[in-house]
Structures are given as structure tokens and as C-alpha cells.
Amino acid sequence: MLAGSLSPSPDDDDHMDTGPTIGTATDSTFTFSLNDDNDEDDTTYFNDDIRSLTQWWINERCAPELLMYQADLVESLMEMMEAQAGIIESKSSDTPDSAFLVVLYQQEMERIKFIIRSYLRTRLAKIQRHTLHILREAEYRSRLSIDEIMFAEKYQELLAHHFQKFALEELPDYLQRLDDTTENLTMVSRPDLEDAVFCRIKEQIGVFQLESSDEAIEMRPNNIYFLRYNAIRRLMEDGKVDLV
Amino acid sequence: MSVYGDDAHKLIRDAKRTAESPVLAPYRGDLVRNVLAEMQHLSSSLREIMAARDRVIATSSSPPTPEIAAEVQGLTVAATMHSLSITRSKRCLLAYARHRVTRLVDTVWDLSGGAATIPVDVRRNLSPQESDFVAGYTALVSEYKGLFLDVDLGAALVPPRDLFVEVRVLKDCGEVQTESGAVRLVKNSQHYLRRTDVEPFITAGYLRHIQ
């Protein structure tokens, strides 16, 4: 239950002890700290779903490409929130103490809602940026939820229709395509996998050979590196590194 | 007539210059039309050049004399130039359209993915096609939002700090239902309310959040 998530546990203060500061093109002044009150420095999440989704959310925001949709996590958190809403309703807020507890519960729920909301919106933003590419590549397509596929397909339809009406329909047929490729330029925009990301090593990996470079680095837990996304992409998918 | 590609360039400059402005710049239908006319003109002369080139090749002896070879080469270069100009203009047109679409998408979300509440000063800068796009996109967003009613996808992407916020009423809202009962929001009054209850009103400009 979420109630447990508010109890402090001193042995977990290495996790998220500094609030990650994240900025993207969609909202440039975005900062979020998981413990924005001084007395919550050792907040932990007993429920692993919240922690996992939080990490997936951070990964999603930092990675240049679309990641796997975490359907189970989102669903189980949604269910949990429903149950939690029921508990809040049944709690009376007669005494100051219980009223205070109810506020804490509600606040916790607002935070989880925020993470889910931001997670879904981050994914939508990426889908809108590379719609055609995502719909065409089987690998990316499989990372979408059913609802997201619906969204992507309809969005692509809207875009294509708009471009058609805007200008293309007045041009000769051979100029109407939306996926021309000339030399190394293509009209289908794709994510830049060479983008640099910050990542934190979670477990002992040992000497790691960087792709497309002669350099090898020794990766120890809790080290933070600034690397090309391509190099650590597989490690992140295996859950061996987190993006920060 | 102006230099080829000039108007296409103007479109891009216009988009870049107004990229930071808070309100989407007026749609430059005049420029778009010029670029399209230019492209049509270019592509009809491209057809003529290609036809001329085919004629020259067909009537030449093989191997061609040096004069014929030079003429074919000249026509090929002309055709390439025309084709490149056309491709470039298409790119500029689409970049311009795409840039505006992206701005519109952001605007729709800023209004919490909400209904037909695009402000008038944005609305009058749109082309009819863009208005259609906004309508279609708004419908799509509300369909998607409907799948996640619990988390209210349209709410601001700012981490929640306080459950309750102090708000001042800027425009009369009448009686508003909150989780703990109805409140009358009269102009210039101040209230301490649950953030989730009043957030739509803050986004719509009826209330101001007092820090």
C-alpha cells in the first residue's frame, strides 16, 4: 500500500539522493526532485512499481528513442490508486491526526499521477516527432501500447492529410511523396541514437568496450558516465544502467 | 520575377524569426502560393528540357559527335538544376508547414488538450487547412485522454508541490463543484482550494495562482 511509501528507511539514502534535473524541448524549465522537502531525505518506496516506473520515466525522458511501454507498471499503479482512493474515502478526517494523514495520502497520489501523466506525455511527444519511422519499424511498433498505436496512426493520417491539402495536391504526382530519400537525406525523421546521455551504472559490469571506439572503460556500480546513447543502449535495456 | 527559391527562403526565415514569439505568426498564404506557382513553372520547363534532351539523343548518330555530346551534357545540367530547385522548394514548404503544425500541437496541449479554446489571436493567423488540422488533433487528443481519465493527461506537466493552492478570481466563474462541496468564485475574491479542483480554471485564465 502507498501508506508504506511514506515511512523513512535510512538504508536507502543513496537512491535518488539528488533530484535529477531534466530538461527537454517540450518543457524547458522542468525540474523535479523526488524529495523536495528537507525532512524527506530518506524517503523510500516500499512498493517497487513506483520506483520502477519512476526510473522508466527518467529513462524515457533522457533516451533519444522511444523505449518499451511499461504496460504492467502503469496498469498496476492505476489499480493501486483506485484502491487508495477508496481507502481515503473511508478514512474520517475528524481528528487533526487523521486529517493530516489523509492529506499525506492524497499528496502521494498526486505525485504518482504526475509521474504517469508525464511518462505518457513524454512518449506521445516522441511518437509525434518520429511518427512515420516508429510506425514503419517493427521494433518500434512493438514498443507502443495499443492506444499509442491508435494515436500514432491517426496522427500520421492527420499530418499526411494536412500536408496534402496545404500544398502537395497542387504539385505533380512524383512530388507528392512524404518519404523521399535523396543521398543520405531522408524525409522520415528518426531519433539520433548518437546523442550523448548521462548514465549511472547499477551493477558490476567490468571492462566495457565502447562501440565505434577503441576505448574501453571499467564500469563500477554508481559511477556516472557521459556517453553516446548507442554505446549503452543494450545495457540500459538489460537494466544494468539507468539514465539520469 | 524574383530569383528562384527566394520565396521559399522567405518562408523559412519567417518561421525562424517567429519561432520564439508567443503567438503563432500569421500564415503566409501569399508566399506559399508564389512558391507553388514557381514549382509548377519549373517543373513544366523541366519537362521541356527533358523532351529536348530525348530528341537530341534520338536524332544523334552513334557515337555522337562532340557537338551533340556537349549539347546533351548542357541539357542534363539544366535538368539537374531545375530538379534540385524543385526539391528544395518542396523541402522548404514542408518544413514551414511542419513547423507550424508543431507549434499548433503545443498550443493545443498548453490549453490542457482542451476543446475549442484556441485564443482568437492564434485562430486568425491560421490557414483554413490548419484550422481543420487543429480540430482533428483536438479530437484525437481528447480521445486518447479519455483512456486515462484518472491521471488527467491534460494537466500541467509541473510536479505537484502542494495539495491546496491560494487562488484569486480574475473572472466570475459562478458556482464550482469541488471535492468538498460547492464554492462560489466571485471576481476578486481569494480562496484556498484543492489544486486539482481548480487547475482547469487556472489554465483557462479564470483564476490566478498566488505564490
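Residues are numbered from 1 along each chain as its sequence is written, while chains are lettered from A and ligands numbered from 1 in the order in which they are written. Because the model is predicted, local features need pLDDT of at least 70 and side-chain atom pairs count only at pLDDT 80 or more, whereas totals for chains, interfaces and linings use all residues.

**Exercise 1. Describe how helix 2 of chain A packs on helix 3 of chain A.**

Step 1, geometry: the two axes, which are lines fitted to C-alpha atoms over the stretch in contact, with angles running from 0 to 180 degrees between N-to-C directions, come within 11 Å and cross at roughly 160 degrees. Helix 2 of chain A is therefore roughly antiparallel to helix 3 of chain A, given that angles under 35 degrees count as roughly parallel, over 145 as roughly antiparallel, 65 to 115 as roughly perpendicular and the rest as oblique. Helices here are DSSP runs of H or I with at least four residues, and strands are E runs of at least two, numbered from the N terminus.

Step 2, handedness: helix 2 of chain A passes helix 3 of chain A in a left-handed crossing, a term that applies if the near helix is turned anticlockwise from the far one by less than a right angle, clockwise being right-handed.

Step 3, residues: Val74(A), Leu77(A), Met81(A), Gln84(A) and Ile88(A) of helix 2 of chain A meet residues of helix 3 of chain A including Tyr105(A), Met109(A) and Ile112(A), where contact requires C-beta atoms, placed from the backbone, within 7 Å.

**Exercise 2. Work out the packing of helix 1 of chain B on helix 3 of chain B.**

Step 1: the axes of helix 1 (residues 6–17) of chain B and helix 3 (residues 66–110) of chain B come within 9 Å and cross at roughly 25 degrees, which means that the two helices of chain B are roughly parallel.

Step 2: the crossing of helix 1 of chain B past helix 3 of chain B is left-handed. Among the contributors are Leu11(B) and Ile12(B) from helix 1 of chain B, and Cys92(B), Leu93(B) and Tyr96(B) from helix 3 of chain B. By class, the residues of this contact are eight nonpolar, three polar and one charged.

**Exercise 3. Which helices of chain A each supply at least two residues of the side that touches chain B?**

Step 1: the contact involves 35 residues of chain A and 30 residues of chain B.

Step 2: helix 2 (71–90), helix 3 (96–129) and helix 6 (146–166) of chain A each supply at least two residues of that side, and helix 3 of chain A gives the largest share, 13 residues. The side of chain A that touches chain B divides into 18 nonpolar, six polar and eleven charged residues.

Note on methods. Two residues are in contact if their C-beta atoms, placed from the backbone, lie within 7 Å. Ala, Val, Leu, Ile, Met, Phe, Trp, Tyr, Cys and Pro count as nonpolar, Asp, Glu, Lys and Arg as charged, and the others, Gly among them, as polar.
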